[in-house]
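Here is a short tour of how this protein packs together. Have a look at the model first, then read on for the details.

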Amino acid sequence: MTSKTAGSTPPDNVTPQPRALPKVNKITARDITASLKAGVSDFLARPVMSGFFGLFYAMFGILFVWTLIWLDMIWMTIPAVVAFPLVAPFAAAGLYEMSRRLQKAESFGWSEILTVMARQRKREMGWMAFVTLFVFWVWMYQVRLWLAIILQDASFSDLDGFLTAVLFTPQGWTFLAIGTVAGAFLSAVLFTVTVVAMPMLLDREDIDFVSAMLTSIRVVTENPVVMLTWAAIISVTMLVSLVPAFLGLIVTLPILGHTTWHLYQRAVTPAEG
């Protein structure tokens with residue numbers, strides 16, 4: 001009778017243990033203030049590189065709106081501008097990597113940052129991009145639905161006509177009210193699942209996108225007032241930055257991106273080792 005070598009095969013009755021989620025910390029308004037200071041410091045440390053990511057995001061927004069106008073989709077321009085900040089967390093991946101390296105006092109150039117960003121396509125960040133773009137698509141689709149239901153008789157041949165129908169008619173006010181509620185809900189959902197998930201996926205290779213989203217949800221639910229404050233800061237800053245033809249994003253997007261990294265560092269306990 002032959003004996004089996006110990007350890008040659010795993011026991012049949014052993015069940016793989018689920019991976020523990022990262023520990024979530026309690027944070028306060030002071031953490032937001034400290035993170036903002038660190039974010040501004042990161043921006044000033046590399047203003048050209050940081051500003052590049054803001055400029056790229058702003059130029060993409062301008063091109064997106066111009067394309068809608070060129071396609072005579074005037075009615076989509078305002079919803080597109082309002083929804084455009086939804087994809088900002090994914091656009092800030094390079095900023096997170098910059099802050100990570102600055103925090104560790106590591107030297108880096110364009111090639112190091114762009115290489116890290118390119119590698120995210122083969123990691124879990126791609127799934128988070130899908131989640132972000134899906135919410136953006138839902139936003140645009142529901143706007144089109146409510147326009148068809150509420151403003152079906154209005155004329156949108158030009159931007160002035162669209163603004164008149166939306167801002168100066170009872171139907172337009174109804175559309176704005178419903179759109180605001182729906183948009184606020186979608187924005188809250190996306191913020192909740194991505195606020196720390198994006199920087200976490202870039203920072204830790206041992207985390208999958210589902211675990212990152214669950215951790216992000218825990219950060220928000222365990223620190224509701226602080227995270228609601230941070231969400232309000234992001235929303236107001238981004239919307240104000242859109243007013244000067246998206247150009248305010250050249251500065252505000254990098255600062256918000258760097259700040260988000262430092263807030264993530266305070267909200268989630270680092271991996272051991």
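Axes here are lines fitted to C-alpha atoms, for helices over the stretch in contact, and angles run from 0 to 180 degrees between N-to-C directions. The model is predicted, so local features need pLDDT of at least 70 and side-chain atom pairs pLDDT 80 or more, while totals for chains, interfaces and linings use all residues. Residues are numbered from 1 along each chain as its sequence is written, and side-chain values use heavy atoms, leaving out hydrogens and water.

**A helix pair**
- Helix H1 (residues 29-45) and helix H12 (residues 224-242) have axes that come within 9 Å and cross at roughly 40 degrees; helices are DSSP runs of H or I with at least four residues, numbered from the N terminus.
- Contact (heavy atoms within 4.5 Å) is made by Ala-29, Ile-32 and Leu-36 of H1 with Val-226, Thr-229, Trp-230 and Ile-233 of H12.
- By type, these contact residues are 6 nonpolar, 1 polar and no charged.

**The nonpolar core**
- A nonpolar core joins buried Ala, Val, Leu, Ile, Met, Phe, Trp, Tyr and Cys residues through side-chain atoms within 4.5 Å; buried means under 20% relative accessible area, exposed over 50%, partly exposed in between (1.4 Å probe, protein chains only).
- The largest such core has 69 residues, and Met-227 and Trp-230 have the most contacts inside it.
- Helix H7 (residues 125-150) gives this core its largest share, 10 residues.
- Leaving aside residues up to four places away in sequence, Met-227 touches Ile-27, Phe-191, Val-195, Val-219, Val-220 and Leu-263.

**Leu-114**
- Leu-114 sits in helix H6 (residues 110-119) and is partly exposed, at 41% relative accessible area.

Conventions. Helices (H or I, at least four residues) and strands (E, at least two) are DSSP runs, numbered from the N terminus. Ala, Val, Leu, Ile, Met, Phe, Trp, Tyr, Cys and Pro count as nonpolar, Asp, Glu, Lys and Arg as charged, and the others, Gly among them, as polar.
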